[in-house]
Amino acid sequence: QVRLVESGGGLVQPGGSLRLSCAASGPILSINHMGWYRQAPGKQRDLVGTITPGGRTNYAPSVKDRFIISRDNSKNTVYLHMNALKPEDTAVYLCHSDIMPVWGGRQDYWGQGTQVTVSS
């Protein structure tokens, strides 16, 4: 089955940096958009940013100029480089992708999420 697996979360001090990875695996024919969302306790899930297969990115205003999304199409992997982290960035970060499996029919897939905590 198609899976998205995140890694790289953890505890970081304010002002620090962290890199998240998300690898898609399984019977994949093609991958369209890949991206990241985040959800803090008691809050709705918010978009962090997305990236197209060609590398065009889109960011939420709250993270623009601090976070960078990149992808390696040869590895079916998307990355989230987070810089100048703030306590309000604390959340579970979830990977999302629009994938065409080999049996057809594009679907939305989600990772299980990885915790990022920004605290001194």
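This is a predicted model: local features need pLDDT of at least 70, side-chain atom pairs count only at pLDDT 80 or more; totals for chains, interfaces and linings use all residues.

Trainee: How many helices and strands does the chain have?
Mentor: Both are DSSP runs numbered from the N terminus, with helices (H or I) of at least four residues and strands (E) of at least two. Along the sequence the pattern reads β-β-β-β-β-β-β-β-β-β-β. The count is zero helices and eleven strands.

Trainee: What radius of gyration does the chain have?
Mentor: It's taken over C-alpha atoms, and the globule rule is 2.2 Å times the number of residues to the power 0.38. The C-alpha trace spans about 45 × 25 × 20 Å along its principal axes. A compact globule of 120 residues would come out near 14 Å, and the chain agrees with that at 14 Å.

Trainee: Which residue faces threonine 77 of strand 8?
Mentor: Strands count as paired if DSSP finds at least two bridges between them. Strand 3 and strand 8 clear that with six bridges, in the antiparallel sense. Opposite threonine 77 sits alanine 23.

Trainee: What is on the other side of strand 8, I mean, which residue stands opposite tyrosine 79?
Mentor: Strand 8 (residues 77-82) also runs antiparallel to strand 7, joined by six bridges. The two form a hairpin with four residues between them. Opposite tyrosine 79 is serine 70.

Trainee: What phi does asparagine 76 have?
Mentor: Most residues other than glycine have a negative phi, and most peptide bonds are trans. Asparagine 76 lies in the loop between strand 7 and strand 8, and is partly exposed at a relative accessible area of 26%. Though not a glycine, asparagine 76 has a positive phi of about 50°.

Trainee: And where is alanine 84?
Mentor: Alanine 84 isn't a glycine either, yet has a positive phi of about 50°. Its relative accessible area is 37%, which means partly exposed. Look for alanine 84 in the loop between strand 8 and strand 9.

Trainee: Which residue has the positive phi in the hairpin of strand 4 and strand 5?
Mentor: Strand 4 and strand 5 (residues 46-51) run antiparallel, with five bridges, and tyrosine 37 stands opposite leucine 47. Six residues lie between the strands, and the positive phi, near 75°, belongs to glycine 42.

Trainee: Is leucine 29 buried or exposed?
Mentor: Leucine 29 is in strand 4 (residues 28-39). Contact means heavy atoms within 4.5 Å, and leaving out residues up to four places away in sequence, leucine 29 touches Met100, Pro101 and Val102. Its C-alpha is 4.8 Å from that of valine 102, 73 residues away in sequence. With a relative accessible area of 59%, leucine 29 is exposed.

Trainee: How far apart are the C-alpha atoms of isoleucine 99 and serine 30?
Mentor: Isoleucine 99 belongs to strand 9 (residues 91-101) and counts as buried, at 0% relative accessibility. Beyond four places in sequence, its contacts include Val2, Ala24, Ser30 and Tyr109. Serine 30 is 69 residues away along the chain, and the C-alpha separation is 6.0 Å.

Trainee: What share of the 120 residues is buried?
Mentor: Take the contacts first: among those between residues at least 6 apart in sequence, 54% join residues at least 24 apart. As for burial, the share across the chain is 42%.

Technical notes: Residues are numbered from 1 along each chain as its sequence is written. Side-chain values use heavy atoms; hydrogens and water are left out. Buried means under 20% relative accessible area, exposed over 50%, partly exposed in between (1.4 Å probe, protein chains only).
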